[in-house]
Amino acid sequence: MTVQEILAPIETEMKLFEVRFHESMKSKVPLLDKITHYIIRRKGKQMRPMFLFLTAKMLGEINEKTYQSASLVELLHTASLVHDDVVDDANERRGFFSVNALWKNKIAVLVGDYMLSRVLLHSLENNNVRALQIVARAVREMSEGELLQIEKARKLDITEEVYFDVIRQKTASLIATVCESAAASVDREDMADRMRKFGELVGLAFQVKDDIFDYGTPGNIGKPTGNDIRERKMTLPLIYALQHCDKSVRKELMNIVKNHNEEKKYVHRAIQLVIEAGGIEYARNRMIELKTEALSLLTDIPDSESKRALIGLVEYTVTRDK
């Protein structure tokens, strides 16, 4: 399915959500409004609101709580991106200057904090404690995942099990939150846990796909090829390669990641070694397994246009080329 076909069942809701989300970001401070306007103009495909509205519509009737939940999750997601760029010392986000590159770290941190405060206030003003409970858990998990990755990256000893723990908390927890919030917003608490698990599996597949991109063609991706190696991030293709190559290759790979991760020719050599060791193929197979498991959780839900679009969105997350 194309993005337009996936959007079809929720096109009206997405347009209304955009207007309401912009309203939720407004402030009395001109500098803050200037920065939030800059962020909104450079937003991505808005896959998280799409997941939320399609899940909600598949399970029930979209209502005021659904729009509130979508705003909460998108505020949290935006705050996490701004803070992540500070943590990673990144100067670009989707090909544009990051907030910290243009306005420095201090302002970027405060902008992220402002958005988190809007999450709290927005939920309390609307007496939506259930949504706040779900979102607050995501904040905790995302923070824990980031710290776990930093701790393990120093030693470069991440196993596949630890890798999945990290991305489950850092990335998958947000999509899990999206899908659980959707179920709760349409009063389908009986489906909340299952939708949380569905979102988590999709989030894991999404992150593995992102990790595969790092070994792809520079023109097709939103970040430089080899960026994870430069940042000494132990992603699934590299972890698999290190565990399944012979000693000499392992020694060469570890040497590049530890000592030559800033040098282009060495980074390209590392990419070549990971591909030859079957790291990309293994990661792709694991991604498909995760996607299949996620879709199996939808099997007994009645067929509808929203369900078909949601399945199409899951397929899109693992077949996208950027």
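Helices here are DSSP runs of H or I, at least four residues long, numbered from the N terminus. I am working from a predicted model.

**Entry 1, two loops.** I started with Asn127, which I found in the loop between α6 and α7. Its phi is positive, near 55 degrees, and the residue is not a glycine. Is Asn127 buried or exposed? Asn127 has 63% relative accessibility, and the cut-off for exposed is over 50%, so I logged Asn127 as exposed.

I then looked up Asp187, located in the loop between α8 and α9 (192-213). Asp187 also carries a positive phi near 55 degrees without being glycine. Asp187 counts as exposed because its relative accessibility is 58%.

Helix α6 covers residues 99-125, which is 27 residues. Its end C-alpha atoms lie only 28 Å apart, while a straight helix at 1.5 Å a residue would reach 39 Å. Where does α6 bend? I found a bend of about 105 degrees at Asn105.

I listed the buried residues of α6; among them are Val99, Asn100, Trp103, Tyr114, Met115, Arg118 and His122. The elements covering the buried residues of α6 include α2 (11-24), α3 (30-41), α5 (64-87), β2 (96-97) and α7 (129-153).

I looked up the largest nonpolar core and noted 100 residues in it. Phe51, Met195, Phe198 and Val208 have the most contacts inside this core. Which helix gives the most to the core? Helix α8 (residues 160-185) does, with 12 residues.

With neighbours within four places in sequence left aside, Phe51 is in contact with Val178, Phe198, Val202, Leu310, Leu313, Val314 and Thr317.

I checked for disulfides, taking a pair of cysteine sulfur atoms within 2.5 Å as the rule. The count by this rule is 0.

I placed Arg286 in helix α14 (residues 279-296). I recorded Arg286 as buried because its relative accessible area is 18%. What does Arg286 contact, leaving aside its neighbours within four places in sequence? I noted Glu160, Phe164 and Leu236. I also took the C-alpha to C-alpha distance from Arg286 to Lys247: the two are 24 Å apart in space and 39 residues apart in sequence.

How values were computed
Residues numbered from 1 in each chain as written. Predicted model: local features only at pLDDT ≥ 70, side-chain atom pairs only at ≥ 80, totals over all residues. Heavy atoms only, no water. Core = buried A, V, L, I, M, F, W, Y, C linked by side-chain atoms within 4.5 Å. Buried < 20%, exposed > 50% of the residue type's maximum accessible area, 1.4 Å probe, protein only. Contact = heavy atoms within 4.5 Å. Expected span 1.5 Å × (residues − 1). Bend = angle between axes of the 7 residues up to and from the residue.
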